[in-house]
Amino acid sequence: MGGAVVDEGPPGVPAPDGGWGWAVLAGCFVITGFSYAFPKAVSVFFKELMHEFGIGYSDTAWISSILLAMLYGTGPLCSVCVNRFGCRPVMLVGGLLASLGMVAASFCRSIVQLYFTTGVLTGLGLALNFQPSLIMLNRYFNKRRPVANGLAAAGSPVFLCALSPLGQLLQDYYGWRGGFLILGGLLLNCCVCAALMRPLVAAGAAPAPGPQRPARRLLDLSVFRDRGFVVYAAAASTMVLGLFVPPVFVVSYAKDMGVPDARAAFLLTVLGFVDIFARPAAGFVTGLPRVRPYSVYLFSFSMFFNGFTDLTGSTAGNYGGLVVFCIFFGISYGMVGALQFEVLMAIVGTHKFSSAIGLVLLLEAIAVLIGPPSGGRLLDATGRYQFVFLLAGAEVVAASLVLLLGNLCLGKRPTGAAQEEEAHKPPVDARDGVDSREVEQFLKAEPEKAGETAHTPETSV
């Protein structure tokens with residue numbers, strides 16, 4: 001879920017919708033996988049951490065909450081870094097920080113130290129990777145953006161399928177300390193993905209070594225004047241209160257039923273396997289011309305589906321019931337993951353997307369800090385997982401109703417890419433029908449003519 005970045009790339013450079021963009025998509029796929037799967041995958045170690053430090057569910061749940069809060073809430077910091085140094089250097093530093101946090105966590109002697117290393121350091125490192133990667137992905141894709149977002153979002157379930165059983169395996173053979181150390185080494189792959197984030201440059205222009213334009217406002221607060229954005233932000237913040245709670249607790253839920261550790265961890269693999277296919281499928285459906293203008297309502301349905309799944313999952317009384325829950329949760333969760341950024345961009349447009357996503361993530365960070373720990377406290381107080389799932393489901397269903405009713409009250413608004421492109425289309429000279437883009441390309445192709453120097457828009461005042 002990107003930073004409030006105003007580094008929008010060179011003006012007049014269209015999204016290639018392919019080419020090197022597929023390499024950028026591959027890097028975004030890996031980074032999305034680490035960013036979203038890691039907070040859930042570390043829950044495999046919670047039981048051993050509780051025995052090691054003599055703590056309860058709510059104390060261990062803070063690890064995942066801090067990870068997610070750092071991922072969501074560091075938008076302004078990411079903005080400053082990207083505007084000063086660019087996407088690629090920031091992502092390289094983020095990969096090193098994420099790895100350092102997990103390596104340092106393997107030497108921790110208290111749960112508070114784990115909060116700082118695994119939560120703060122690793123969370124900050126993942127944020128410095130995840131947010132710029134989303135900006136780069138949306139620079140490289142326009143017409144194919146829904147499909148690209150769906151494919152990139154599929155990194156989360158793919159890595160969840162791999163990291164959850166891998167974490168259980170590492171815990172069995174090396175303990176939680178050895179597992180954290182090895183996972184820290186795996187996070188160095190974020191640096192490899194950062195190297196793929198090649199900035200776009202205008203045709204025939206050499207990339208400048210430093211910033212290509214003076215710094216502007218870090219956050220465009222004018223997005224709050226858009227009532228559609230306000231509704232989206234309110235719904236997304238409410239949704240996050242319960243969205244991440246079931247994946248965090250489902251493994252411990254199975255273990256308390258007497259399910260062996262390996263089979264309990266397999267639940268996240270089932271969830272992730274279904275999610276792998278749900279996200280690209282949702283992106284493909286959203287990209288259809290007749291569906292894309294109504295993506296907001298499809299997003300509202302996906303949230304309702306997810307919340308309803310939580311409510312029915314509270315009735316699971318055996319391992320088979322939890323497997324069925326994970327299947328339907330994977331479908332609904334994949335739909336939410338594929339649509340959330342596509343819908344936000346459809347509401348605010350590409351020019352305000354960088355600021356809008358940072359502000360939304362700041363609001364969601366507060367909800368992330370409240371969600372899993374409140375579920376843990378409810379579990380400590382009642383000793384029943386059913387209440388945790390009921391609370392999470394009620395929060396997500398409420399979010400879907402906020403988004404649906406809010407948009408119905410605002411009335412129908414264009415959300416497709418076609419309207420956005422039409423709004424920003426360069427004017428055509430009515431006298432001779434010459435497109436201004438053709439004139440610009442001609443001037444770039446003929447830099448000097450009859451002793452006169454032609455200036456490009458990037459060099460002219």
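The model is a predicted one. The protein has 18 helices and 2 strands.

Some overall numbers. There are 461 residues in the protein, and 54% of them are buried. Buried means under 20% relative accessible area. The accessible surface comes to about 19100 Å². Carbon and sulfur atoms account for 67% of that surface.

Let's go inside. How much space lies in the largest cavity? About 90 Å³. Its lining is made by 13 residues. Lying nearest the centre are Thr32, Leu134, Asn149, Ala153 and Phe341. Which elements give two or more residues to that lining? They are helix 1 (21-41), helix 6 (111-140), helix 7 (145-153) and helix 14 (319-348). Helix 14 gives the most, with 4 residues. By class, the lining has 8 nonpolar, 4 polar and 1 charged residues.

Now helix 1, one of the elements at that cavity. Helix 1 has 21 residues, and at 1.5 Å a residue they should span 30 Å. The end C-alpha atoms of helix 1 are 29 Å apart, so the model agrees with that expectation. Is helix 1 mostly covered or mostly open? Mostly covered: 17 of its 21 residues are buried.

Look at Tyr36, which sits in helix 1. Tyr36 has a relative accessible area of 3%, so it is buried. Find Ala153 next. Tyr36 and Ala153 are 117 residues apart in sequence. In space, C-alpha to C-alpha, they are 9.1 Å apart. And Ala153 is among the residues nearest the centre of the largest cavity.

On to helix 14, and to Ser332 within it. Buried or exposed? Buried, because its relative accessible area is 0%. What does Ser332 touch, not counting residues up to four places away in sequence? Ser302, Phe305, Asn306 and Thr309. Take the last of those. The C-alpha atoms of Ser332 and Thr309 are separated by 8.0 Å, and the two residues are 23 apart along the chain.

A quick reminder on helix geometry. An α-helix has 3.6 residues a turn, so residues three or four places apart point the same way.

Next, helix 13, residues 295-313. Ser300 has its place there. Ser300 is at 6% relative accessibility, so it counts as buried. Its contacts, leaving aside neighbours within four places in sequence, are Ser400, Leu403 and Leu404.

With a relative accessible area of 2%, Leu68 is buried. Leu68 touches Pro39, Phe244 and Val368, again not counting residues up to four places away in sequence.

Ile370 is found in helix 15, residues 350-382. Ile370 is at 43% relative accessibility, so it counts as partly exposed. Ile370 and Ile66 are 304 residues apart in sequence. Their C-alpha atoms are 10.0 Å apart in space.

Last stop, helix 11, residues 245-256. Helix 11 has 12 residues, and at 1.5 Å a residue they should span 16 Å. The end C-alpha atoms of helix 11 are 17 Å apart, which agrees. Why call helix 11 largely enclosed by the rest of the structure? Because 11 of its 12 residues are buried. The list of those buried residues is Val245, Pro246, Pro247, Val248, Phe249, Val250, Val251, Ser252, Tyr253, Ala254 and Lys255. What follows helix 11? Gly258, with a positive phi, near 95 degrees.

To recap. The predicted model has 18 helices and 2 strands. The largest cavity holds about 90 Å³ of space, and helix 14 gives the most to its lining. Helix 1 is mostly covered, and helix 11 is largely enclosed by the rest of the structure. Thanks, everyone.

Notes
Residues are numbered from 1 along each chain as its sequence is written. This is a predicted model: local features need pLDDT of at least 70, side-chain atom pairs count only at pLDDT 80 or more; totals for chains, interfaces and linings use all residues. Side-chain values use heavy atoms; hydrogens and water are left out. On a 1 Å grid over the protein atoms alone, a cavity is a set of points where a 1.4 Å probe fits but cannot get out, and a pocket is an open set with protein on both sides within 12 Å along at least five of seven lines; lining residues have an atom within 4 Å of a point. Grid points are joined across faces, edges and corners, and a volume is the space filled by probe spheres set on the points. Ala, Val, Leu, Ile, Met, Phe, Trp, Tyr, Cys and Pro count as nonpolar, Asp, Glu, Lys and Arg as charged, and the others, Gly among them, as polar. The expected span of a helix is 1.5 Å times one less than its number of residues. Buried means under 20% relative accessible area, exposed over 50%, partly exposed in between (1.4 Å probe, protein chains only). Contact means heavy atoms within 4.5 Å. Accessible areas come from the Shrake-Rupley method with a 1.4 Å probe; for residues, only the protein chains shown count as cover.
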